[in-house]
Amino acid sequence: MQQLQYACPTTLDECLLLMKEAGAEAMPYAGGTDVMIHLRDRAACVQNIRLLVDLGKLEPLRGIRLENGMIHLGAMTTHAEAAHSDLLHEHAPFLAAAAATVGSQQIRNTGTIGGNVCNGSPAADTASPLTALYAEAVVQSAGSTRRVPVPELYGRNGITLTPGELVMEFVFPSFAGWHTAFLKLGRRKALAISRMNVAAALELQNDGTISGARIAPGCVFRSPDRVREAEEHLIGKAPSRALFAEAGLLSSEEMIRRTGVRWSTEYKKPVLEALVERALLQTAGLPLEET
Amino acid sequence: MMTKIDFTVNGERVQIEISARARLVDVLRETLGLTGTKEGCGVGECGACTVIVNGKAVCSCITLAAGLNGADVTTIEGVSKNGELDEIQQAILDHHALQCGFCTPGIVMSAKALLDANPNPTTQQIQEAIAGNLCRCTGYQQVIDAIADAAERRMTEE
C-alpha cells in the first residue's frame, strides 16, 4: 500500500479540487466506521488510496432542514443526530427509526447517513427508508452537480459514483401526515447488521382507505428498491391483516422474480412476507399479533 | 506520511506528529502511554476502546487520530478527580460489576457520556448506552445497577 496522506479541507471548493486532482486515489472520510476497518484489513477497496479526504469540517454537508416541503439531509449527519432529529420525527419518522437501529451508541455517534449509503452495502439500514421516500442524492464534483435517486447509486460492484464525486445531501419530500414504520431482523438486538429490513409508509384518507403506499425492503434485491406491485395492490383499500398478507406475498414473488430461487430463498420468502405484513400492520396501527 | 495534531486529552493540550493513518487507540496507548484504554475487537463491535470525544462516546479503534484537531478527548485516566474514583467507578466496585475488568474502562466511558448528557436515565436508556460494550464475564445486570446507582449518587452530591 502507498503512503497515505491526510487532508482536512475547510471549504467545499477546496475539497472538490483535492478529490479531482487525486481522482481514484482519493477516499472521502466521513465517520470512518467502515473506512477505518478497510484500512486495518488492507482491503482491496483501499489498496490504491493515497489520500484520505476528511469531510468533517465541511459545513454544507451538515444539518437537516425543511425547504419548500422538501427535507434536505446533510450527508455528514450522524445516525445519532438523525435518530434524535425533531424534523425527521415529524417528516420521515421511519428514517429516524432506522438510524436508531444502526450499530451501537458509539457507532451512531460517528457513522453518518452519507457513509451508510456510500459504503454501498445493500444491508444499509437507512437506504430502505430513503428509497421509500424517493430520496435523491445530490452528487457534487468540481464543476458539476447531478441528482441521483438513492437506488440508482447502487451498481453491480458497489456505489456508482465516479472519482471526484461526493454525495452532499439527500433530498426528499416531507412525509408529514403519512404513517411509517421500519422493521429490522438482525441476529441480535444491538450491534447487528440487518439480515433483512422493511421500510413502509401509508397515507390514509379520512374514511380509512389507503391513498398512498411505499414498501421498500432491504437485503432483498441486489440494491435497495420498492415493490411497486405490492404498493399498488393497497391503493383504495382499507387496511386489514389479510390485505397486508397479500402485500407480503406480492413482495416475495417479486423477490423470486428478480433474484431467482437461491439456497436462501426457503428462509427469505416467509421472513420477507412476515416482515412486510408486520411493517404494514405497525404502520396502520393494527395489532401485530392475531387476536 | 506524518501529520500534526493539536488536541486536548484529559484536560491537557497535546501537540504531536502522527502517521496519517494512525488510529486514536494507538496514539493514546503507544504515543501517550495511556494504556487504560483497551483494544478488544479492533472493528468497533466490542466497545472496550470507548473514549469520549467532544462529549460523545466513540470507539477509538475506528477513529482516525488525524481528524481530531481541536477535539477534546477524555479517556479512563481522566475520569477520577484528585485521586478519588468518580461515582461511576465507585458504583462499579460496590456492585461487583466487573470480573476480569478488560471491558470496564469502556463501560465507564459509555456510562459517563450517558450521565453527563442525561443525569437521570431510564433503565432502557442505560441498556442502550452500553449495548455497544461487550462483557463476557459479569453479565450486565450488575453494570446496569451500578450505573443507575451512580446517577443517584451524582444527583445527591449536587
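1. Helices (H or I, at least four residues) and strands (E, at least two) are DSSP runs numbered from the N terminus. Just after H1(B), Gly33(B) takes a positive phi of about 70°.

2. A word on the model before going further. It is predicted, so local features need pLDDT of at least 70 and side-chain atom pairs count only at pLDDT 80 or more, while totals for chains, interfaces and linings use all residues. Residues are numbered from 1 along each chain as its sequence is written, and chains are lettered from A and ligands numbered from 1 in the order in which they are written.

3. Strand S3(B) deserves a look of its own. Which of its residues are buried on one side and on the other? Thr50(B) and Ile52(B) are buried on one side, and Val51(B) and Val53(B) on the other, so that both faces of S3(B) are covered.

4. S3(B) also has partners on the strand level, where two strands pair if DSSP finds at least two bridges between them. With S4(B) the pairing is antiparallel over four bridges, and Ile52(B) stands opposite Ala57(B) in S4(B). The hairpin of S3(B) and S4(B) has two residues between the strands, and Asn54(B) takes a positive phi near 50° there. S3(B) also pairs in the antiparallel sense with strand S5 (residues 72-74) of chain B, over two bridges; in that pairing Ile52(B) stands opposite Thr74(B).

5. Next, the domains. Chain B is divided into domain 1 (2-78) and domain 2 (87-157), with bounds that come from an automatic or database domain assignment. Their C-alpha centres lie 21 Å apart. The contact takes 14 residues from domain 1 of chain B and 14 residues from domain 2 of chain B, two residues being in contact if their C-beta atoms, placed from the backbone, lie within 7 Å. On the domain 1 side, strand S3 (50-53) and strand S4 (56-59) of chain B are the elements that give two or more residues, and the largest share, three residues, comes from S3(B). By class, that side has seven nonpolar, five polar and two charged residues. Ala, Val, Leu, Ile, Met, Phe, Trp, Tyr, Cys and Pro count as nonpolar, Asp, Glu, Lys and Arg as charged, and the others, Gly among them, as polar.

6. In helix H2 (residues 87-94) of chain B, the buried residues are Glu87(B), Ile88(B), Gln89(B), Ala91(B) and Ile92(B). Their cover includes helix H3 (104-117) and helix H5 (141-157) of chain B. Just after H2(B), His96(B) takes a positive phi of about 50°.

7. On the nonpolar core: this is a set of buried Ala, Val, Leu, Ile, Met, Phe, Trp, Tyr and Cys residues joined through C-beta atoms within 7 Å. Of the 131 residues in the largest one, Leu95(A) and Ala111(B) touch the most other members. Leaving aside neighbours within four places in sequence, Ala111(B) is in contact with Ile88(B), Ala129(B), Ile130(B), Ile147(B) and Ala150(B).

8. What do the two chains contribute to their contact? The answer is 24 residues of chain A and 25 residues of chain B. On the chain A side, strand S1 (5-7), helix H2 (35-41), strand S3 (51-54) and helix H6 (105-110) give two or more residues, and H6(A) gives the most, with five residues. By class, that side has eleven nonpolar, eleven polar and two charged residues.

9. Chain A has an open sheet of three strands in the order S1-S3-S2, with parallel pairing. S1 and strand S2 (26-29) of chain A stand at the edges, each with a single partner strand, so one side of each has no neighbour in the sheet. The twist averages 25° from one strand to the next. S2(A) and S3(A) pair over four bridges, with Met27(A) opposite Leu52(A) in S3(A).

10. A last point concerns Leu288(A), in the segment after helix H12 (265-284) of chain A. Leu288(A) counts as exposed because it has 12 C-beta neighbours inside 10 Å.

Technical notes
A residue is buried if 20 or more other C-beta atoms lie within 10 Å of its own, exposed if 12 or fewer, and partly exposed in between; C-beta atoms are placed from the backbone. Axes are lines fitted to C-alpha atoms, for helices over the stretch in contact, and angles run from 0 to 180 degrees between N-to-C directions.
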